[in-house]
Amino acid sequence: MVGKGAKAMLNGAVPSEATKKDQNLKRGNWGNQIEFVLTSVGYAVGLGNVWRFPYLCYRNGGGAFMFPYFIMLTFCGIPLFFMELSFGQFASQGCLGVWRISPMFKGVGYGMMVVSTYIGIYYNVVICIAFYYFFSSMTPVLPWAYCSNPWNTPDCAGVLDASNITNGSRPPALPGNLSHALNHTLQRTSPSEEYWRLYVLKLSDDIGNFGEVRLPLLGCLGVSWVVVFLCLIRGVKSSGKVVYFTATFPYVVLTILFIRGVTLEGAFTGIMYYLTPQWDKILEAKVWGDAASQIFYSLGCAWGGLITMASYNKFHNNCYRDSVIITITNCATSVYAGFVIFSILGFMASHLGVDVSRVADHGPGLAFVAYPEALTLLPISPLWSLLFFFMLILLGLGTQFCLLETLVTAIVDEVGNEWILQKKTYVTLGVAVAGFLLGIPLTSQAGIYWLLLMDNYAASFSLVVISCIMCVSIMYIYGHHNYFQDIQMMLGFPPPLFFQICWRFVSPAIIFFILIFTVIQYQPITYNHYQYPGWAVAIGFLMALSSVICIPLYALYQLCRTDGDTLLQVRGGGRGQPGETGGGGCMGLQGSLLMTVPTPPPTMPTSPAASEKCNQAKQRLGARPPGAPNGALCPHHSTLS
């Protein structure tokens, strides 16, 4: 026989809670909590962990950067992550439905949808490029290994080409001579860079010169969207099974690359370059700003994905435990990836006889130029290339699953009728097709310019603004006492005092600091030596504002359509009222959002205290969406308690 405690755990409840049937049969739930944790890890651990964090670390003081990084994780990352998970789980709604607690701020949810749309469009283009490199690695010799290809220029100087010279007609050269041969001019171009720029992208000279659509990239973009759609064809029921592979196998690849990397000559030099602390940099504001920004963006806060994924949890799942596990896993992965990257870059720098800083890079330059060139120096280089790009594909897909599900869930929850619940697969297909069509311009010869423009503006300071407003609206508009009570009802214990202080004071202050830092440190976007024209930068700012502007616009719309002569009256009238869903009586709760349910016969006398508690709950929370299962709220009806 299974004990009560075991049954509670199987039901997703916290150990101190009795077993409750808190599943949402119409919306669906995760098969088990491992699926949710793996999905959230796959969402948080993305390409930025591999191609951005290691670069930031060595640029900002090496090991000394870890100190502000983990300080920001503790006081901003984990609290915000826990807030979004608890918000979504309590409401059992996506990023739009959760704002029934304060409809005036529903524009925050629309802002999240806009941000997820932008990121979903260009993120899948990055995945499609990784697919292209993955397929291109299925050859005996990597196509970016030598300078003997039709697309190469006279400036091309490859590591292997120079090695062949020294081992062929010329006498063997010392490492210093090899370095001189490869770096005799600052115009030296690696074969991997020319492969990326002249063959894969066929890069145009201006962002306005689209040129032709690169058909190989277009085909890979189609493959990317088909894979994403098939994995989400049944929503979380199908994606929850896929993440057992997509969220875990990247760690297998990272470990293989780590073992291979640390056994190479010069690997220790690269790792020391990555870790050696420069304690004087801790006093620089920029280091703290970079640490806060990296924590904020790498965890995926304010994208809407965390709220969406948590909304499929069972009501009593311990999301506090999950938030700590996921955030620490995300940051540990970033640190681990730094060892993998810099061990290989250290080997490459040693081979070239140059400083590690000469070969270190970040973003697409690391993923598609520097690291692939380093892999050509390894025996059986196509194998290591296949593993590396397969890892990038899986890291990207884990994030892309959640981005697409965020949009689909928001649409389905907003419509909320039986028809769209049954046709959710078609909604997923429609969003995927729209994402593919909108991504086509990014596969043109000017596509990389637009991709970087979207990356720098569409998901930058707008995320900070959205997160700050969400934090303030929950803590000060909905009310921190109400929110703490809701969490206690859900988890069986109130949020720890540390999180209460962070949510109310510390985290909003850090978010505001990130915003100020972003504004002060702003520099016009460039790509290599290309300076973006003013009109392109203006489009970037418009993309950033398009998500933020949703917040005041929807607030004005809500003010205009709600009865009341004063702001306080409007605030009270904006919430769902007891009679909205038909029937009168007590408010039942699953997740958070109350709905009216037929009043069963009272089983015990109604005390003044019980009536007061029920009335407070009615005033605090709006109408619960139809079909959501009942939970525990009303103190004087045993069927709901």
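Leaving aside its neighbours within four places in sequence, which residues is Ser298 in contact with? With contact taken as heavy atoms within 4.5 Å, Ser298 touches Ala44 and Asn330.

The model is predicted, so local features need pLDDT of at least 70 and side-chain atom pairs count only at pLDDT 80 or more, while totals for chains, interfaces and linings use all residues. Residues are numbered from 1 along each chain as its sequence is written, and side-chain values use heavy atoms, with hydrogens and water left out.

An unreviewed UniProt entry lists Gly42, Val45, Ser298, Asn330 and Leu395 under "binding site", although such annotations may be inferred rather than shown by experiment. These residues span 354 residues in sequence, yet no two of their C-alpha atoms are more than 12.3 Å apart, so they gather at one spot.

Two of the listed residues are set side by side below; buried means under 20% relative accessible area, with a 1.4 Å probe and protein chains only, and helices are DSSP runs (H or I) of at least four residues, numbered from the N terminus.

| Residue | Place | Relative accessible area |

Turning to the whole chain, 59% of its 641 residues count as buried, and residues 24 or more positions apart account for 82% of the contacts with a separation of 6 or more.

Notes
Buried < 20%, exposed > 50% of the residue type's maximum accessible area, 1.4 Å probe, protein only.
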